[in-house]
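Dear colleague,

I am handing over the structure we spoke about, and below it you will find what I found when I went through it. Please keep it open beside you as you read.

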Amino acid sequence: MILFHGSNMSINQVDLSKSKKFKDFGQAFYLSAEKEQARKMAEAKVVQFGGEEAITEFEFDESCMSNEGLNVKVFTSYSKEWAEFVFDNRDENKCFTHHYDIVYGPIADDYIGLQIRDFKRKSITFEQFLHNIQYHKGITFQYAFCTQKGVEQLKRICQ
């Protein structure tokens, strides 16, 4: 399958040390199977940091996700477990780490920071938190390549 990474620059080689911490599935290299999702991310990165929109394509053999040599976590839908995992990864005070090579699951809403704050202040329940962090434009999935072992499953497609 082809996966897409949207940014304000083309990615020639994945360097996990340049990935931001405190994202949905932790510090990782994020991709989407939907080119339009990657385009929107590229657009947002240009607004935020400047540069030019770039979508880098990677070939990925998804059958490797059932390979016993990889530690993979899959969330097939929004769930309590997904919300707890996202909360733990997004909470800058927790210093949470996991040991998954690849994580696949839904994208959290862009305003998750506000929801984390409200949940920590106990002004919303966990059920409200789970509802509020669901991507408001409909469920969209992402792949997070969290370790070098995970990244090695990607082959950049030269364009």
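Helices H2 and H3 are roughly perpendicular to each other, because their axes cross at roughly 95° and angles from 65 to 115 degrees count as roughly perpendicular. In this predicted model, helix H2 covers residues 80-90 and helix H3 covers residues 112-120, and their axes come within 11 Å. On the side of H2 the contact is made by Val86, Phe87 and Arg90, while H3 brings Ile112, Ile116, Phe119 and Lys120 to it. Of the residues in this contact of H2 with H3, 5 are nonpolar and 2 are charged, and there are no polar ones.

The next part to look at is the sheet. It is an open sheet of 4 strands, which follow the order E2-E6-E5-E4 with mixed pairing. Strands E2 (29-31) and E4 stand at the edges, and each has a single partner strand, so one side of each is left without a neighbour in the sheet. From one strand to the next, the twist averages 15°.

Strand E4 is joined to strand E5 (residues 102-106) by 3 bridges, and the two run parallel. Within E4, which spans residues 72-74, lies Lys73, and the bridge partner of Lys73 in E5 is Val103. Is Lys73 buried or exposed? Its relative accessibility is 16%, and because buried means under 20%, Lys73 counts as buried. Leaving aside its neighbours within four places in sequence, Lys73 is in contact with Glu81, Tyr100, Ile102, Val103 and Tyr104.

Technical notes. Residues are numbered from 1 along each chain as its sequence is written. This is a predicted model: local features need pLDDT of at least 70, side-chain atom pairs count only at pLDDT 80 or more; totals for chains, interfaces and linings use all residues. Side-chain values use heavy atoms; hydrogens and water are left out. Buried means under 20% relative accessible area, exposed over 50%, partly exposed in between (1.4 Å probe, protein chains only). Contact means heavy atoms within 4.5 Å. Axes are lines fitted to C-alpha atoms, for helices over the stretch in contact, and angles run from 0 to 180 degrees between N-to-C directions. Angles under 35 degrees count as roughly parallel, over 145 as roughly antiparallel, 65 to 115 as roughly perpendicular and the rest as oblique. Ala, Val, Leu, Ile, Met, Phe, Trp, Tyr, Cys and Pro count as nonpolar, Asp, Glu, Lys and Arg as charged, and the others, Gly among them, as polar. Two strands pair if DSSP finds at least two bridges between them.
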